[in-house]
Amino acid sequence: MLERLQPKTVSFETALSDWWRSQPQSFRESVSPSAARACFRAGYTAGKQTTERRFVFKAGRMRITVWATGIVEAKKKAEAEADFRAAKKGWPIPKAGWQLQEEK
């Protein structure tokens with residue numbers, strides 16, 4: 001009976017509501033729910049990606065954000081994402097490949 005398995009992950013909405021209820025009343029009155037949600041989402045996303053870093057690339061008109069362990073993996077993911085977005089919008093894929101510029 002005491003060996004009931006606990007879920008490994010908690011949904012975003014559950015984590016957000018638990019966090020929001022744990023904040024002092026003064027904080028909840030001073031911060032709008034939408035601003036609190038945006039801040040919590042950033043921390044929650046970064047906290048889930050403990051072994052990966054966030055990379056942002058510019059490819060043509062697109063700004064692509066990926067999570068990866070290193071720059072080589074990040075570029076592969078960004079190229080795949082750029083191909084997907086271009087195909088979705090009907091844009092041609094450059095013959096020379098995507099010129100990815102890392103944004104800091």
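Reply: The count of salt bridges comes to five in this model, which is predicted rather than determined by experiment. Side chains of opposite charge can pair when their charged atoms come close.

One of the salt bridges joins the side chains of R21 and D18, with a distance of 2.4 Å from N to O. The two residues both belong to helix α1 and stand three residues apart, about one turn of the helix. R21 counts as exposed because its relative accessibility is 55%, and the cut-off for exposed is over 50%. D18, at 40% relative accessibility, counts as partly exposed.

A second example is the salt bridge between the side chains of K77 and E73, where N and O are 3.4 Å apart. These residues lie in helix α4, which covers residues 71-89; because K77 and E73 are four residues apart there, about one helical turn separates them. K77 is partly exposed, with a relative accessibility of 34%. E73 is partly exposed as well, with a relative accessible area of 29%.

The salt bridge between the side chains of R63 and E103 has an N to O distance of 3.2 Å. R63 is in strand β2 (residues 62-68) and E103 is in strand β3 (residues 101-103), so this pair ties together parts that are 40 residues apart in sequence. R63 has a relative accessible area of 46% and is therefore partly exposed. E103 also counts as partly exposed, at 30% relative accessibility.

The crossing of α1 and α3 is right-handed. On the side of α1, the contact is made by F12, E13, A15, L16, W19 and W20, and on the side of α3 by A36, R37, F40, R41 and Y44. Of the residues in this contact, eight are nonpolar, three are charged and none is polar.

Terms used
Residues are numbered from 1 along each chain as its sequence is written. This is a predicted model: local features need pLDDT of at least 70, side-chain atom pairs count only at pLDDT 80 or more; totals for chains, interfaces and linings use all residues. Side-chain values use heavy atoms; hydrogens and water are left out. A crossing is left-handed if the near helix is turned anticlockwise from the far one by less than a right angle, and right-handed if clockwise. Contact means heavy atoms within 4.5 Å. Ala, Val, Leu, Ile, Met, Phe, Trp, Tyr, Cys and Pro count as nonpolar, Asp, Glu, Lys and Arg as charged, and the others, Gly among them, as polar. A salt bridge is a side-chain nitrogen of Lys or Arg within 4 Å of a carboxyl oxygen of Asp or Glu. Buried means under 20% relative accessible area, exposed over 50%, partly exposed in between (1.4 Å probe, protein chains only).
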